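Hello,

Here is the structure I promised to pass on to you. Please open it alongside this message, and then read on for what I found in it.

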Amino acid sequence: MSVMVVRKKVTRKWEKLPGRNTFCCDGRVMMARQKGIFYLTLFLILGTCTLFFAFECRYLAVQLSPAIPVFAAMLFLFSMATLLRTSFSDPGVIPRALPDEAAFIEMEIEATNGAVPQGQRPPPRIKNFQINNQIVKLKYCYTCKIFRPPRASHCSICDNCVDFPVLDFHVGPTLHSGRRHLVHWRAALRKEERFDHHCPWVGNCVGKRNYRYFYLFILSLSLLTIYVFAFNIVYVALKSLKIGFLETLKETPGTVLEVLICFFTLWSVVGLTGFHTFLVALNQTTNEDIKGSWTGKNRVQNPYSHGNIVKNCCEVLCGPLPPSVLDRRGILPLEESGSRPPSTQETSSSLLPQSPAPTEHLNSNEMPEDSSTPEEMPPPEPPEPPQEAAEAEK
């Protein structure tokens, strides 16, 4: 008898994650919902490089050197790889608190602040930690119901807190309910996580888990833009020596378009690369620079800086990459997925045909036979004579 196997649909965690993110490839790709500018970035890079490889590279490889298209191809592939790695990865989203976690944190806050009289504004929800002899404030996020780690921030576009300190902050012990509780964050000395900014050009937030790829992308894109712009000028100059400048412009409209695109994007891309090089050297984030966290009136020293440019660059660009804590492709428990699949026995029994149990009808004269054999039955004992008959015989 053949038994059919029923496959139940598995609910992955990425399908139930809050926030304004989109997922592709069964949760392997994570991006923001606003991807229009990201598509524009892809169109500009692919369009400009396609025109360059189709027209100018062949002429320059013959006239100057065959290494020109090879080096251009290497820069192009590296730029595309770092762009896709930045756009499709988890920047370091902090999971939101579970209901029992949020209730526990509320109880902890009420125990710390006490009862607030009606009509008065409650005190700010802030925790102070000391890092490198510097007081750092942990702010409470009313959306995620957690105390954000240092250098983390809530992105209003993706509606998530970024970044989660896997290696450097301690999550409190598990209580009697069997779930984890965010009791407190314990900061280490050097390796703090960070939220940098939300970049619409890459279609994702930039945090601890993808900042190095973002920096390598803008650096390689700057070199690629300068490279294409320079050799377009060389191409126009070589062609102008033979047929004249105006004739060259008429014959190569694609080259003119490439020069215009590279000219207007060169300043912004190179300027952005220089700005982030400055931030990496100081071990500072874009969010901290905009807010003036370490350059304000108080002149507070940056507790995350090593005081050495080489050490700061090595930590930001070459430090260990923390894993994602979202577990996007994990399977939700049965009580969270909303349906309980039947057990194996229930499934197999429901698939087999059900037949009624046979019943026997017995007449009133029929008695069920005993299963014991005559040999096994004990012999009957002779009846004892009555006492009066025994005395008469005497």
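Predicted model: local features only at pLDDT ≥ 70, side-chain atom pairs only at ≥ 80, totals over all residues.

Three strands form an open sheet in the order β3-β8-β7, and their pairing is antiparallel. Strand β8 covers residues 160-162, and two bridges join β3 to β8, the two running antiparallel. If you want a place to start looking, V93 stands opposite V162 in β8.

There is another open sheet of three strands, with the order β4-β5-β6 and antiparallel pairing. Here the edge strands are β4 (126-131) and β6 (146-147), and each of them pairs on one side only. Strand β5 (residues 134-141) pairs with β6 in the antiparallel sense, over two bridges. On this side of the sheet, the bridge partner of C141 is I146 in β6.

Now for the chain as a whole. It has 11 helices and 10 strands. Of its 394 residues, 37% count as buried. The accessible surface comes to about 24600 Å², and 61% of that belongs to carbon and sulfur atoms. Among the contacts with a separation of 6 or more, 67% are between residues 24 or more positions apart.

Helix α4 (residues 211-243) has 33 residues and reaches 48 Å from its first C-alpha to its last, close to the 48 Å expected at 1.5 Å a residue. After α4 comes G244, whose phi is positive, near 95°. Helix α2, with 21 residues, reaches 30 Å between its first and last C-alpha, close to the 30 Å expected at 1.5 Å a residue. Buried residues of α2 include I68, A72, L75, F76 and L83. What covers the buried residues of α2 includes β2, α1, β10 (204-207) and α4.

Which residues touch the most other members of the largest nonpolar core? Of its 35 residues, they are I45, L83, Y211, F214 and F217. At least two residues of this core come from each of β2 (29-32), α1 (36-63), α2 (67-87), α4 and α6 (253-282). Helix α4 gives the most to this core, with 11 residues. Apart from it lies another core, of eight residues, among them A97, C141, C144 and C161.

E101 lies in helix α3 (residues 99-113). Is E101 buried or exposed? Its relative accessibility is 0%, so E101 counts as buried. A polar atom of the E101 side chain lies 2.9 Å from the backbone nitrogen of L98.

N283 sits in the loop between α6 and α7 (286-291). With a relative accessible area of 2%, N283 is buried. The side chain of N283 reaches the backbone oxygen of Y304 at 2.8 Å.

K16 has its place in the segment before β1 (21-24). The relative accessible area of K16 is 52%, and exposed means over 50%, so K16 counts as exposed. Which residues is K16 in contact with, leaving aside its neighbours within four places in sequence? They are T11 and L332. K16 and L332 are 316 residues apart in sequence, yet 8.9 Å apart in space, C-alpha to C-alpha.

Happy exploring, and do write back with any questions.

Best wishes

Notes
Residues numbered from 1 in each chain as written. Heavy atoms only, no water. Helix = DSSP H or I, 4+ residues; strand = E, 2+ residues; numbered from the N terminus. Buried < 20%, exposed > 50% of the residue type's maximum accessible area, 1.4 Å probe, protein only. Polar contact = N/O pair within 3.5 Å; in protein donor to acceptor, adjacent residues only side chain to side chain. Contact = heavy atoms within 4.5 Å. Areas by Shrake-Rupley, 256 points an atom, 1.4 Å probe, with all protein chains shown as cover. Expected span 1.5 Å × (residues − 1). Pairing = 2+ DSSP bridges. Core = buried A, V, L, I, M, F, W, Y, C linked by side-chain atoms within 4.5 Å.
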